[in-house]
Amino acid sequence: MRNIKLIIEYDGKSFNGWQKQPTKLNIQGEIEKAIEEITGEKVDLTASGRTDAGVHSLGQTANFKTDSQIPIEKIAKAINSKLKKSIVIKSAEEVDEKFHSRYSVKSKTYRYIINNSENGTAIYRGLEYHIPMKLDVKKMQEAVKFFEGEHDFKGFKASGTSSKSSIRTIYKGEVKQEGERIIIEVTGNGFLYNMVRIIAGTLVDVGLEKIKPEEISEIIESKDRTKAGKTLPPHGLYLLKVEY
(Lines give C-alpha, C1' and ligand atoms only; values in the text may rest on other atoms or scores of the structure.)
Protein backbone atom coordinates (compact mmCIF):
# COMPACT_ATOMS: atom_id res chain seq x y z
CA MET A 1 0.00 0.00 0.00
CA ARG A 2 1.44 3.37 -1.05
CA ASN A 3 0.78 6.70 0.68
CA ILE A 4 0.58 9.56 -1.83
CA LYS A 5 0.83 13.22 -0.83
CA LEU A 6 -0.68 15.85 -3.15
CA ILE A 7 -0.23 19.63 -3.26
CA ILE A 8 -3.42 21.15 -4.65
CA GLU A 9 -4.35 24.54 -6.08
CA TYR A 10 -7.99 25.48 -6.56
CA ASP A 11 -10.27 28.37 -7.37
CA GLY A 12 -12.92 27.94 -4.70
CA LYS A 13 -15.61 30.23 -6.05
CA SER A 14 -17.73 27.57 -7.77
CA PHE A 15 -17.33 24.97 -4.99
CA ASN A 16 -19.19 24.47 -1.75
CA GLY A 17 -15.89 24.12 0.13
CA TRP A 18 -13.43 21.24 0.46
CA GLN A 19 -15.53 18.68 2.30
CA LYS A 20 -17.36 15.88 0.53
CA GLN A 21 -21.15 16.38 0.44
CA PRO A 22 -23.62 14.22 -1.45
CA THR A 23 -25.60 16.99 -3.17
CA LYS A 24 -23.17 19.92 -3.47
CA LEU A 25 -20.11 20.44 -5.67
CA ASN A 26 -17.00 20.07 -3.50
CA ILE A 27 -13.26 19.76 -4.04
CA GLN A 28 -12.61 16.54 -2.07
CA GLY A 29 -15.32 14.67 -3.97
CA GLU A 30 -14.08 15.83 -7.37
CA ILE A 31 -10.50 14.70 -6.67
CA GLU A 32 -11.60 11.35 -5.21
CA LYS A 33 -13.67 10.70 -8.36
CA ALA A 34 -10.65 11.54 -10.54
CA ILE A 35 -8.40 9.19 -8.52
CA GLU A 36 -10.97 6.41 -8.80
CA GLU A 37 -11.09 6.89 -12.58
CA ILE A 38 -7.33 6.45 -12.95
CA THR A 39 -6.73 3.74 -10.31
CA GLY A 40 -10.06 1.88 -10.24
CA GLU A 41 -10.02 2.27 -6.43
CA LYS A 42 -12.33 4.19 -4.13
CA VAL A 43 -10.03 6.25 -1.90
CA ASP A 44 -10.36 8.47 1.15
CA LEU A 45 -8.57 11.74 0.49
CA THR A 46 -7.51 13.42 3.75
CA ALA A 47 -6.70 17.15 3.66
CA SER A 48 -4.70 19.34 6.04
CA GLY A 49 -8.07 20.90 6.93
CA ARG A 50 -11.33 21.91 5.33
CA THR A 51 -11.64 25.19 3.47
CA ASP A 52 -15.05 26.88 3.36
CA ALA A 53 -17.24 27.56 0.35
CA GLY A 54 -15.60 30.16 -1.89
CA VAL A 55 -12.13 29.94 -0.29
CA HIS A 56 -9.17 29.32 -2.63
CA SER A 57 -5.94 27.38 -2.23
CA LEU A 58 -2.44 27.76 -3.60
CA GLY A 59 -1.07 24.92 -1.48
CA GLN A 60 -3.64 22.63 0.10
CA THR A 61 -2.05 19.32 1.10
CA ALA A 62 -3.89 15.99 1.03
CA ASN A 63 -2.96 12.32 1.04
CA PHE A 64 -4.51 8.99 0.08
CA LYS A 65 -3.55 5.32 0.25
CA THR A 66 -3.49 3.21 -2.92
CA ASP A 67 -2.39 -0.16 -4.27
CA SER A 68 -2.06 1.38 -7.74
CA GLN A 69 1.37 1.02 -9.36
CA ILE A 70 1.11 4.17 -11.53
CA PRO A 71 4.61 5.75 -11.45
CA ILE A 72 4.71 8.66 -9.02
CA GLU A 73 5.91 11.11 -11.69
CA LYS A 74 2.74 10.44 -13.72
CA ILE A 75 0.14 10.65 -10.94
CA ALA A 76 -0.40 14.44 -10.88
CA LYS A 77 -0.81 14.62 -14.65
CA ALA A 78 -3.16 11.62 -14.69
CA ILE A 79 -5.44 13.07 -11.97
CA ASN A 80 -5.42 16.51 -13.63
CA SER A 81 -6.63 14.94 -16.89
CA LYS A 82 -9.87 13.96 -15.08
CA LEU A 83 -10.42 17.21 -13.14
CA LYS A 84 -12.21 20.48 -13.81
CA LYS A 85 -9.81 23.28 -14.78
CA SER A 86 -10.54 25.03 -11.47
CA ILE A 87 -8.58 22.31 -9.57
CA VAL A 88 -4.93 21.50 -10.32
CA ILE A 89 -2.71 18.91 -8.63
CA LYS A 90 0.59 20.80 -8.48
CA SER A 91 2.65 17.80 -7.34
CA ALA A 92 2.45 14.23 -6.08
CA GLU A 93 5.02 12.38 -3.98
CA GLU A 94 5.19 9.06 -2.21
CA VAL A 95 5.56 9.54 1.54
CA ASP A 96 6.02 7.42 4.66
CA GLU A 97 2.95 5.39 5.58
CA LYS A 98 2.71 7.30 8.89
CA PHE A 99 2.30 10.67 7.13
CA HIS A 100 -1.17 12.16 7.73
CA SER A 101 -2.11 15.44 6.03
CA ARG A 102 -4.09 16.64 9.01
CA TYR A 103 -2.36 15.26 12.09
CA SER A 104 1.22 15.83 10.88
CA VAL A 105 0.74 19.60 10.27
CA LYS A 106 3.27 21.92 11.94
CA SER A 107 1.94 25.20 10.55
CA LYS A 108 -0.41 26.71 7.97
CA THR A 109 -0.21 30.05 6.21
CA TYR A 110 -3.29 31.89 4.99
CA ARG A 111 -3.41 34.96 2.76
CA TYR A 112 -6.23 37.50 2.46
CA ILE A 113 -6.20 39.86 -0.53
CA ILE A 114 -7.91 43.26 -0.45
CA ASN A 115 -8.23 45.44 -3.54
CA ASN A 116 -8.00 48.96 -2.10
CA SER A 117 -8.49 50.87 -5.35
CA GLU A 118 -11.34 53.33 -5.78
CA ASN A 119 -13.18 51.37 -8.47
CA GLY A 120 -12.17 47.75 -7.94
CA THR A 121 -11.58 45.22 -10.69
CA ALA A 122 -13.76 43.25 -13.10
CA ILE A 123 -11.25 40.51 -13.89
CA TYR A 124 -10.18 39.65 -10.32
CA ARG A 125 -13.47 40.37 -8.53
CA GLY A 126 -13.88 36.71 -7.48
CA LEU A 127 -10.29 36.49 -6.23
CA GLU A 128 -9.98 39.52 -3.95
CA TYR A 129 -12.21 41.68 -1.76
CA HIS A 130 -12.77 45.28 -2.83
CA ILE A 131 -12.70 48.05 -0.22
CA PRO A 132 -12.87 51.51 -1.88
CA MET A 133 -12.19 53.50 1.34
CA LYS A 134 -8.46 54.20 1.72
CA LEU A 135 -6.90 51.98 4.40
CA ASP A 136 -4.00 53.06 6.61
CA VAL A 137 -1.57 50.23 5.85
CA LYS A 138 1.05 51.36 8.39
CA LYS A 139 -1.48 51.08 11.22
CA MET A 140 -2.56 47.64 9.94
CA GLN A 141 1.11 46.55 9.90
CA GLU A 142 1.47 47.69 13.50
CA ALA A 143 -1.76 45.95 14.55
CA VAL A 144 -1.08 42.54 12.98
CA LYS A 145 1.90 42.01 15.31
CA PHE A 146 -0.44 41.93 18.34
CA PHE A 147 -1.92 38.68 17.01
CA GLU A 148 1.45 36.92 17.20
CA GLY A 149 2.04 34.45 20.04
CA GLU A 150 -0.23 32.03 21.90
CA HIS A 151 -3.67 33.43 22.67
CA ASP A 152 -7.22 32.33 23.35
CA PHE A 153 -8.89 33.39 20.09
CA LYS A 154 -12.44 32.80 21.34
CA GLY A 155 -13.44 36.30 20.11
CA PHE A 156 -12.15 35.46 16.62
CA LYS A 157 -14.22 32.41 15.77
CA ALA A 158 -17.61 32.00 14.19
CA SER A 159 -20.40 30.32 16.10
CA GLY A 160 -20.67 26.65 15.26
CA THR A 161 -16.95 25.98 15.79
CA SER A 162 -16.52 22.36 16.85
CA SER A 163 -13.01 22.82 18.33
CA LYS A 164 -12.92 22.19 22.08
CA SER A 165 -10.10 24.68 22.71
CA SER A 166 -9.82 28.13 21.16
CA ILE A 167 -6.14 28.53 22.10
CA ARG A 168 -3.94 28.87 19.03
CA THR A 169 -0.42 30.15 18.29
CA ILE A 170 0.23 32.67 15.54
CA TYR A 171 3.91 32.43 14.55
CA LYS A 172 3.89 35.33 12.13
CA GLY A 173 1.51 38.06 10.95
CA GLU A 174 2.24 40.39 8.05
CA VAL A 175 0.47 43.14 6.09
CA LYS A 176 2.03 44.06 2.74
CA GLN A 177 1.06 46.57 0.09
CA GLU A 178 1.54 45.73 -3.58
CA GLY A 179 0.23 48.58 -5.70
CA GLU A 180 -3.51 48.85 -5.03
CA ARG A 181 -3.61 45.50 -3.22
CA ILE A 182 -3.20 44.96 0.51
CA ILE A 183 -2.10 41.43 1.41
CA ILE A 184 -2.60 40.03 4.90
CA GLU A 185 -0.70 36.83 5.76
CA VAL A 186 -0.87 34.82 8.97
CA THR A 187 1.04 31.66 9.86
CA GLY A 188 -0.09 29.58 12.82
CA ASN A 189 -0.29 26.10 14.29
CA GLY A 190 -4.01 26.00 13.50
CA PHE A 191 -7.02 28.24 12.94
CA LEU A 192 -10.59 28.32 14.24
CA TYR A 193 -13.64 28.50 12.00
CA ASN A 194 -13.53 31.87 10.12
CA MET A 195 -10.63 33.03 12.34
CA VAL A 196 -8.49 34.41 9.49
CA ARG A 197 -11.44 36.23 7.92
CA ILE A 198 -12.29 37.81 11.30
CA ILE A 199 -8.63 38.81 11.87
CA ALA A 200 -8.65 40.39 8.38
CA GLY A 201 -11.92 42.20 9.17
CA THR A 202 -10.45 43.52 12.42
CA LEU A 203 -7.34 44.75 10.60
CA VAL A 204 -9.61 46.55 8.11
CA ASP A 205 -11.23 48.35 11.06
CA VAL A 206 -7.72 49.40 12.14
CA GLY A 207 -7.05 50.61 8.58
CA LEU A 208 -10.29 52.62 8.70
CA GLU A 209 -9.20 54.04 12.09
CA LYS A 210 -12.18 52.54 13.93
CA ILE A 211 -9.79 50.58 16.16
CA LYS A 212 -6.33 51.63 17.36
CA PRO A 213 -3.52 49.08 16.72
CA GLU A 214 -2.77 48.72 20.44
CA GLU A 215 -6.43 47.88 21.16
CA ILE A 216 -5.97 44.48 19.45
CA SER A 217 -4.53 42.99 22.66
CA GLU A 218 -7.60 44.07 24.66
CA ILE A 219 -9.94 42.66 21.99
CA ILE A 220 -8.15 39.29 22.09
CA GLU A 221 -8.19 39.26 25.91
CA SER A 222 -11.91 40.13 26.03
CA LYS A 223 -12.76 36.89 24.13
CA ASP A 224 -15.80 38.87 22.92
CA ARG A 225 -16.72 38.28 19.25
CA THR A 226 -18.67 41.59 19.12
CA LYS A 227 -15.49 43.61 19.81
CA ALA A 228 -13.60 42.17 16.78
CA GLY A 229 -14.24 43.22 13.18
CA LYS A 230 -16.66 41.67 10.74
CA THR A 231 -16.01 38.37 8.97
CA LEU A 232 -14.70 39.31 5.53
CA PRO A 233 -16.13 37.32 2.58
CA PRO A 234 -14.48 34.03 1.54
CA HIS A 235 -13.40 34.99 -1.99
CA GLY A 236 -10.41 37.03 -0.72
CA LEU A 237 -8.99 34.12 1.29
CA TYR A 238 -6.31 31.62 0.20
CA LEU A 239 -4.72 28.67 1.96
CA LEU A 240 -1.18 29.51 0.92
CA LYS A 241 0.91 26.61 2.25
CA VAL A 242 1.06 23.86 4.85
CA GLU A 243 4.31 22.92 6.57
CA TYR A 244 5.15 19.47 8.01
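Modeller: This is a predicted model. Strand S2 (46-47), strand S5 (107-115) and helix H4 (195-207) each supply at least two residues of the lining of the largest pocket.

Biologist: What makes a residue part of the lining of the largest pocket, and which residues are the closest to its centre?

Modeller: A lining residue has an atom within 4 Å of a point of the pocket. The largest pocket, with a volume of about 1,100 Å³, is lined by 36 residues, of which Gly 49, Arg 50, Arg 102, Lys 108 and Phe 191 are the closest to its centre. H4 gives the most to this lining, with three residues.

Biologist: How do you know how many residues of the lining are nonpolar, polar or charged?

Modeller: Each residue is placed in a class by its type; Gly, for instance, counts as polar. The lining of the largest pocket then divides into 14 nonpolar, 16 polar and six charged residues.

Biologist: Why is H4 called mostly covered?

Modeller: A residue is buried when its relative accessible area is under 20%. In H4, 13 of its 13 residues are buried, so the helix is described as mostly covered. In the chain, buried residues make up 49% of the 244 residues.

Key
Residues are numbered from 1 along each chain as its sequence is written. This is a predicted model: local features need pLDDT of at least 70, side-chain atom pairs count only at pLDDT 80 or more; totals for chains, interfaces and linings use all residues. Side-chain values use heavy atoms; hydrogens and water are left out. On a 1 Å grid over the protein atoms alone, a cavity is a set of points where a 1.4 Å probe fits but cannot get out, and a pocket is an open set with protein on both sides within 12 Å along at least five of seven lines; lining residues have an atom within 4 Å of a point. Grid points are joined across faces, edges and corners, and a volume is the space filled by probe spheres set on the points. Helices (H or I, at least four residues) and strands (E, at least two) are DSSP runs, numbered from the N terminus. Buried means under 20% relative accessible area, exposed over 50%, partly exposed in between (1.4 Å probe, protein chains only).
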